[in-house]
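Visitor: Please take me through one part of this molecule in close detail. I would like to know where its residues sit and what they touch.

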Amino acid sequence: MMFILVAAGAVLRKVGVLKAEGKAVLTDAVLYFFLPCNIINSFRMEFDMSILARLAIVLVISVLVQAVCYGLSKVLYNRKPAEVKRVMQYCTIVSNSGFLGLPIAEGIYGLEGMMYASVFIIPMRVMMWSAGIACFTESPDMKSVIKKIAVHPCIVAVYIGLALLIFQAPLAALCGSIISAGGAAGAASGVLLTAVDKAVRSAGGCTTALTMVLIGMMMAEVKASSLFDKNTLLMSAMRLVFLPALTLIGCRLAGIDPFLTGVCVLITGMPAGSTSAILAAKYGCDYMFATRCIVVSTLLSMLSIPCWAMFLA
């Protein structure tokens with residue numbers, strides 16, 4: 001299903017139905033509205049303390065994965081030209097786990113898998129705005145990092161989702177009391193709450209389709225003959241094979257639940273982050289190389305992700 005949607009995006013871009021300038025608009029719509037709605041939807045389940053414990057386990061695994069990624073970025077690419085080295089360092093630290101990983105986690109593991117994945121990407125967001133930015137320029141101060149992370153729409157959606165998960169019974173009782181005791185105003189409140197709930201569910205359901213169509217649009221704009229070289233292949237192997245394999249080994253050795261292991265491995269094995277090309281262009285690095293890393297790793301992820309999913313099943 002996802003491959004067909006990617007192909008649809010590529011075809012629509014090639015024939016001119018989707019324009020180049022529409023890519024930025026759709027990207028922002030997904031990132032700032034549809035994806036946060038889907039994250040909120042993923043937390044809609046019956047609460048028990050074991051869920052919080054599992055969320056904490058996922059968060060710890062993610063912190064360890066990011067620490068390994070950071071360490072590897074510091075030692076693996078020292079023989080590369082400076083403008084290439086900085087791009088490879090950033091791509092090792094920052095993946096496309098938010099934009100691409102969350103819809104894929106939902107597609108393979110359902111809404112529960114997406115819930116854990118949305119928590120797994122929090123440390124990566126922190127690294128993106130600190131160590132990631134430092135690959136190209138001086139790292140911003142911690143206050144700036146915290147501000148960027150705290151107000152990011154996907155992180156705000158996690159706050160809302162957690163609140164709904166933990167307080168769903170008291171909130172449901174409170175809403176019921178308002179509706180029953182409020183007369184016409186209470187009835188109107190009930191209608192409004194129901195409408196908001198349906199809107200969030202409906203918007204969240206669009207996320208996977210829009211994301212896959214956007215990936216297809218991006219792929220349609222790059223000539224295959226100019227993509228592959230040893231550095232892009234090395235970067236793709238690092239992101240799609242080596243890092244998820246390390247995560248799998250670590251989770252198996254630690255005796256982590258297979259479901260949580262699958263989510264963590266899958267999200268770790270996402271392609272290079274799309275922001276690498278933007279930052280490379282802004283700070284005078286090889287932005288064409290960064291673009292090739294994004295496209296090649298994304299193309300190859302269409303093979304690696306199903307392979308990991310089948311292996312982890």
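Guide: I122 is placed in helix α6, which covers residues 122–134; helices here are DSSP runs of H or I with at least four residues, numbered from the N terminus. This is a predicted model, in which local features need pLDDT of at least 70 and side-chain atom pairs count only at pLDDT 80 or more, while totals for chains, interfaces and linings use all residues. Residues are numbered from 1 along each chain as its sequence is written, and side-chain values use heavy atoms, with hydrogens and water left out.

I122 has a relative accessibility of 21%, so it counts as partly exposed (buried is under 20% relative accessible area, exposed is over 50%, and partly exposed lies in between, with a 1.4 Å probe and protein chains only). Leaving out residues up to four places away in sequence, I122 touches I155 and V158; contact means heavy atoms within 4.5 Å. Between I122 and V158 there are 36 residues of separation in sequence, and their C-alpha atoms are 9.4 Å apart in space.

S118 belongs to helix α5, residues 97–120. S118 counts as buried because its relative accessibility is 1%. A polar atom of the S118 side chain lies 2.6 Å from the backbone oxygen of M115.

Helix α5 also meets helix α14, residues 287–312: their axes come within 12 Å and cross at roughly 40° (axes are lines fitted to C-alpha atoms, for helices over the stretch in contact, and angles run from 0 to 180 degrees between N-to-C directions). That angle makes α5 oblique to α14; angles under 35 degrees count as roughly parallel, over 145 as roughly antiparallel, 65 to 115 as roughly perpendicular, and the rest as oblique. From α5, the residues L100, I104, I108 and Y109 meet S301, I305, A309 and L312 of α14. The residues of this contact divide into 7 nonpolar, 1 polar and no charged (Ala, Val, Leu, Ile, Met, Phe, Trp, Tyr, Cys and Pro count as nonpolar, Asp, Glu, Lys and Arg as charged, and the others, Gly among them, as polar).

M235 is found in helix α11, residues 230–254, and with a relative accessible area of 1% M235 is buried. Not counting residues up to four places away in sequence, M235 touches Y77, M88, C91, T92 and C293. M88 is 147 residues from M235 along the chain, yet their C-alpha atoms are separated by 6.6 Å.

Key: Helices (H or I, at least four residues) and strands (E, at least two) are DSSP runs, numbered from the N terminus. A polar contact is a pair of N or O atoms within 3.5 Å; within protein, one must be able to donate a hydrogen and the other to accept it, and residues adjacent in sequence count only if both atoms are side-chain atoms.
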